Amino acid sequence: MPNTLDSSYYETSIYKKGIFDGKVVFVTGGAGTICRVQVEALVLLGANAAILGRRTEATEKAAAEIQQLRPGAKVIGIGGVDVRDVKSLASAVDTTVKQLGKIDFVIAGAAGNFLSHVGGLSARAFKTVIDIDLLGSYNTAKATFDQLRANKGHILFVSATLHYIGLPMQAHASAAKAGVDSLMRTLAVELGPLGIQSNAIAPGPIAGTEGIDRLLPEHLAKRAVELVPLQRLGTTTDIANATVFLLSPAASYVTGTVTVVDGASWQLGEPSTSDPELYPGVISKLNEGDNKL
Ligand code: HXC
């Protein structure tokens with residue numbers, strides 16, 4: 001028997017409606033742009049979803065809007081959930097299981113960030129971002145573990161490319177995301193025997209996200225397109241498509257990996273490293289003993 005492809009498999013496109021019928025996704029940071037479009041795609045393709053966030057109003061609004069994408073979808077918003085607080089996560093898992101029956105996919109997307117050089121970072125500021133991004137990812141994995149095990153689920157971490165280089169102004173977030181990648185790999189190895197997949201997606205500069213709209217200084221945001229080898233900002237569809245692939249049966253042998261969706265921008269150097277004003281600006285401020293940029 002030649003080792004040929006099963007052609008019937010390709011009748012099930014990964015973007016075919018219903019591919020995620022019966023699946024339930026549990027997402028932290030679900031009201032933010034990146035996680036929101038990830039969930040939108042999964043819901044459009046059949047999944048039900050629980051969206052968690054600290055801000056109740058924003059979380060419930062996002063859930064109600066996503067629900068409208070597909071008649072029959074069940075999408076719940078659970079506000080007041082801080083990934084630093086294990087009790088609020090445990091309660092959200094209970095609510096999700098009660099209302100949606102189970103959890104198959106976890107998207108650990110809650111993150112916090114700001115630009116600051118090391119001189120401007122207090123220990124509490126550094127710890128705050130580590131606690132949200134890294135400890136929060138760990139807390140999310142722990143809180144959902146029983147469900148992941150019961151359903152041979154998949155945990156997808158939202159990582160970044162910040163830590164691939166020595167990116168200025170991002171000591172806190174880079175350290176946190178390096179830890180997230182490491183956690184993701186360990187979970188792939190430890191939980192693989194239970195049938196659980198663990199992967200990460202690392203978005204680059206995506207139009208309409210906080211990273212571009214709030215964090216990048218305006219002159220850098222304007223130059224961002226020139227600094228991407230593919231010569232465009234990423235779109236939310238780019239992120240959604242990669243997410244659909246990773247969580248679909250097409251990626252059933254993919255675990256322990258980071259899928260970078262960035263137009264190769266980190267390989268050229270993130271905007272802030274190549275910007276003539278920003279990096280020299282950091283150095284001169286540090287030399288002046290100035291703690292604030
Ligand atoms: C230096 C800062 C700071 C800044 C806050 N801190 N902003 N230090 N420069 N710009 C310090 C505070 O002074 C305080 O330390 C400590 O951080 C904690 O601040 P709080 O406001 O008490 O924390 P909290 O209310 O928990 O808010 C967390 C947060 C906030 C991260 C600071 O911005 C947040 O909640 N963000 C969530 C949304 C978000 O940031 N999303 C972006 C994700 S984008 P002291 O010592 O003074 O008490 C992303 C992609 C990255 O992750 C792309 C990069 C380009």
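Reader: How many residues surround the ligand, and which are the closest?
Author: There are 17 residues around the ligand, and the closest are Gly112, Phe114, Ser122, Ala125 and Gly211; a residue is near a molecule if its C-beta atom, placed from the backbone, lies within 6 Å of it. This is a predicted model, in which local features need pLDDT of at least 70 and side-chain atom pairs count only at pLDDT 80 or more, while totals for chains, interfaces and linings use all residues. Residues are numbered from 1 along each chain as its sequence is written.

Reader: Which elements give two or more residues to that shell?
Author: Those are α4 (123-151) and α6 (210-215), and α4 provides the largest share, four residues. Helices (H or I, at least four residues) and strands (E, at least two) are DSSP runs, numbered from the N terminus.

Reader: And what is the shell like by class?
Author: The shell around the ligand has eight nonpolar, seven polar and two charged residues, where Ala, Val, Leu, Ile, Met, Phe, Trp, Tyr, Cys and Pro count as nonpolar, Asp, Glu, Lys and Arg as charged, and the others, Gly among them, as polar.

Reader: Staying with α4, at what angle do α4 and α5 pack?
Author: α4 and helix α5 (residues 171-191) pack at about 15 degrees with their axes 8 Å apart, the axes being lines fitted to C-alpha atoms, for helices over the stretch in contact, and angles running from 0 to 180 degrees between N-to-C directions. That makes α4 roughly parallel to α5, since angles under 35 degrees count as roughly parallel, over 145 as roughly antiparallel, 65 to 115 as roughly perpendicular and the rest as oblique.

Reader: Which residues make the contact of α4 with α5?
Author: Among them are Ala125, Phe126 and Val129 of α4 and His172, Ala173 and Ala176 of α5; two residues are in contact if their C-beta atoms, placed from the backbone, lie within 7 Å. By class, this contact of α4 with α5 has 13 nonpolar, three polar and two charged residues.

Reader: Is Val129 buried or exposed?
Author: Val129 is buried, because 24 other C-beta atoms lie within 10 Å; the cut-offs are 20 or more such atoms within 10 Å for buried, 12 or fewer for exposed, and partly exposed in between, with C-beta atoms placed from the backbone. Leaving out residues up to four places away in sequence, Val129 touches Gly112, Asn113, His172, Ala173 and Ala176.

Reader: How far apart are Val129 and Lys177?
Author: They are 48 residues apart in sequence, and 9.8 Å apart in space from C-alpha to C-alpha.

Reader: Switching topic, at what angle do α1 and α8 cross?
Author: The axes of helix α1 (residues 33-44) and helix α8 (residues 236-247) cross at roughly 55 degrees and come within 8 Å, which means that α1 is oblique to α8. The contact is made by residues including Ile34, Val37 and Ala41 of α1 and Ile239, Ala240 and Val244 of α8, and the residues of this contact of α1 with α8 divide into eight nonpolar, four polar and one charged.

Reader: Last one: how many helices and strands are in the chain, and what percentage of the residues count as buried?
Author: The chain has eleven helices and seven strands, and 44% of its 293 residues count as buried. Among contacts between residues at least 6 apart in sequence, 74% join residues at least 24 apart.
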